[in-house]
Amino acid sequence: MKNTTSKILKILLLAIIAMTIAGCTPKKWTWDSHLSSPESMTKETKFFLQKIVIEGIPSTVTALKITRPVNGAVFPSEIAAPQIIWNDEDPDSRSWFIAFTFENGRAPIYVYSSTTSYEPNRNLWETIKTNSVKAPATISIYGFKNKDGKPVATAASSVNIRTSTDPVDGAILYRQVPLPFKVGVKTFRKLKWRLGDISSYNEPPVILENLNTCANCHQGSKDGSLISMELNYKGDSGAQFIAKVSENISLSDKDFMTWTDYPKSVVLPKTRGLFARLSPSGKYIASTVNEISYSAVTNSGKYSQLFFPTYGILACYSTDTKEIKALPGAASLDYIQTNPAWSPDEKAITFARSETMNKYHEDVFKIKTSFENKNIHELNEQFPVQYDLYTIPFNAGTGGQAKPLKGASNNGKSNYFPRYSPDSKWVVFTQSKTGIMLQPDSELFIVQAKGGVPRKMNCNRTSFNSWHSFSPNGKWMIFSSKVNSEYTEIFMTHIDENGTDSPPVLLSRFSSNKYAANLPEFLNIRPDAIKSIHVSNHN
């Protein structure tokens, strides 16, 4: 009788699993073994799930790759649930079991899915985060197929994740750009600026859109009271606004300054300002002036532009005096001095420098964008430009001697986009073989602010890593990458007191179809602090 009962149970187990794999159950279900199980869950199914988690699946099965989250990722405690996505190379796989297991003794959680993606509900995700603070949680995915009425293992893989107790104390302002990008009013009107909240389950709200011209770099003051952005105003391509943060910001003449006020020589085009940065106090803006740049549109959608400045000096605008003055020590006519970054105490500026490169222009009196039937790699071979990072004392605008930043200069690479950590201890910069932006091989490096041996960061993905920004408390950093597609996405990494960063978390709700998400910038404000930015009398 006992043997008969055992056979019946075995047959019943096989039937239940086969029905699951054949799609006779709901597409997704969850069983938290710490709590009561679903009424439809049989003891045999429970036993089966527990068995595969304990014993695993033979290594001879086809590889399954979990693409999100990445192994070792560290999540903020307040972040909304991520998407779990995997690739199963076995074409016969029909269903998957997901097991969340914990090292703190908490019982596992099991999930069934008939698709290769899963997003935990709020309650489940909060449980996972709570139980992965002191020790990692493991996400294991098991693939199955139905063969002759029996379940057969096809694939398996797992990743570990952790949750940090460090909060993300700021909102993220970023720009969305349609691809392929084309210069013109129709494209400009599609640009969107969103203010993101990592704890929200909704797409970040749009706070600025429907402009008939381009707008670029944006930043806030250290205390979060001011916001600034390069924005063409009334036909002035050198205009930039500085405004107080409020729910509804309405911009008018009084909120704008213009880099075109800086004098030009007879051989230079009108100044527009390039890579302008608001100082931490909000009292100054540093920018490249008298700039000349090379710009080319490529024949590729993923890397559609080659852009690099060839000539220019650093100058600073004072919000008190309303004057623009060159910064002594970074105003040599023999170099291009660009891409400034302020130290948090406002005592120094780190910037990118190279010898002037006007040889790449046919006529410096008529600078215009070229359209090349070449890809970014071919253009990089044609224009092998490289920059070094230098640091100069600010001294309230009187400047000083610019010195190369050891570890980010004279290394046979191009070094650019420096950003200081809020504690002034570190500088994170972008490095590539050539160029200064939108480079496929660009990677993020971290070095001591006083100079030293640079360290390649763990957060780097396999394609394009740049446009980074520290959270106000310095515990987190966001950046952009093209690892998943031609549409740039925003990632977040945790940085500890030793400057060691974690594998990153994708902010998937910041991504949109047919839009690249770029220029992400942390602002020291609540996510609901700005609801709209309106430009009065905008032409």
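**Close-up views of a predicted model**

**View 1. Cys459 and Cys217, two cysteines away from the surface.** Cys459 is buried, and its relative accessible area is 0%. Cys217 also counts as buried, here at 17% relative accessibility, since the cut-off for that class is under 20%. While you are looking at cysteines, how many disulfides does the count give? The count comes to zero. Please keep in mind throughout these views that the model is predicted.

**View 2. How confident is the prediction, and where does the pLDDT fall below 50?** For the protein chain, the mean pLDDT is 87, and 84% of the residues reach 70 or more. The stretch to treat with care is residues 1-19, where the pLDDT is below 50. Beyond near neighbours in sequence, this stretch has 17 contacts in the model.

**View 3. An open sheet built from S31, S32, S33 and S34.** These four strands follow the order S31-S32-S33-S34, with antiparallel pairing. Strand S31 (465-470) and strand S34 (505-506) are the edge strands, and each of them pairs on one side only. Further in, look for strand S32 (residues 476-481) beside strand S33 (residues 489-494): six bridges link this antiparallel pair. A handy landmark is Met477, which stands opposite Thr493 in S33.

**View 4. Met492 and the largest nonpolar core.** This core has 39 residues. Which of them touch the most other members? They are Trp86, Phe100, Ile172, Met492 and Leu507. Strand S5 (residues 95-102) supplies the largest share of the core, with four residues. Centre the view on Met492 and leave out residues up to four places away in sequence: among the residues that Met492 touches are Pro76, Val168, Ile172 and Ile198, along with Trp476, Met477 and Ile478. Pro504, Val505, Leu507 and Phe522 are also touched by Met492. Elsewhere there is a second, separate core of 35 residues, including Leu306, Ala408, Phe445 and Ala449.

View 5. Ile66 belongs to strand S2 (residues 62-68). Is Ile66 buried or exposed? With a relative accessibility of 9%, Ile66 counts as buried, because anything under 20% falls in that class. Setting aside neighbours within four places in sequence, Ile66 is in contact with Ile85, Trp86, Ile139 and Ile141, and also with Ser157, Ser158 and Val159. For a sense of scale, the C-alpha atoms of Ile66 and Asp88 are separated by 8.7 Å, although the two residues are 22 residues apart along the chain.

**View 6. Ser318 and two backbone nitrogens.** Ser318 lies in strand S20 (residues 305-318), and is buried at a relative accessible area of 12%. A polar atom of the Ser318 side chain lies 3.2 Å from the backbone nitrogen of Asp320. The backbone nitrogen of Thr321 likewise lies 3.2 Å from a polar atom of the Ser318 side chain. Not counting residues up to four places away in sequence, Ser318 touches Lys283, Tyr284 and Glu323.

**View 7. An open sheet built from S27, S28, S29 and S30.** The strand order is S27-S28-S29-S30, and the pairing is antiparallel. Strand S27 (414-420) and strand S30 (455-456) stand at the edges; each has a single partner strand, so one side of each is left without a neighbour in the sheet. Strand S29 (residues 443-448) runs antiparallel to S30, and two bridges join them.

Note on methods. Residues numbered from 1 in each chain as written. Predicted model: local features only at pLDDT ≥ 70, side-chain atom pairs only at ≥ 80, totals over all residues. Heavy atoms only, no water. Pairing = 2+ DSSP bridges. pLDDT = per-residue confidence, 0-100. Contact = heavy atoms within 4.5 Å. Core = buried A, V, L, I, M, F, W, Y, C linked by side-chain atoms within 4.5 Å. Buried < 20%, exposed > 50% of the residue type's maximum accessible area, 1.4 Å probe, protein only. Polar contact = N/O pair within 3.5 Å; in protein donor to acceptor, adjacent residues only side chain to side chain. Disulfide = S-S within 2.5 Å.
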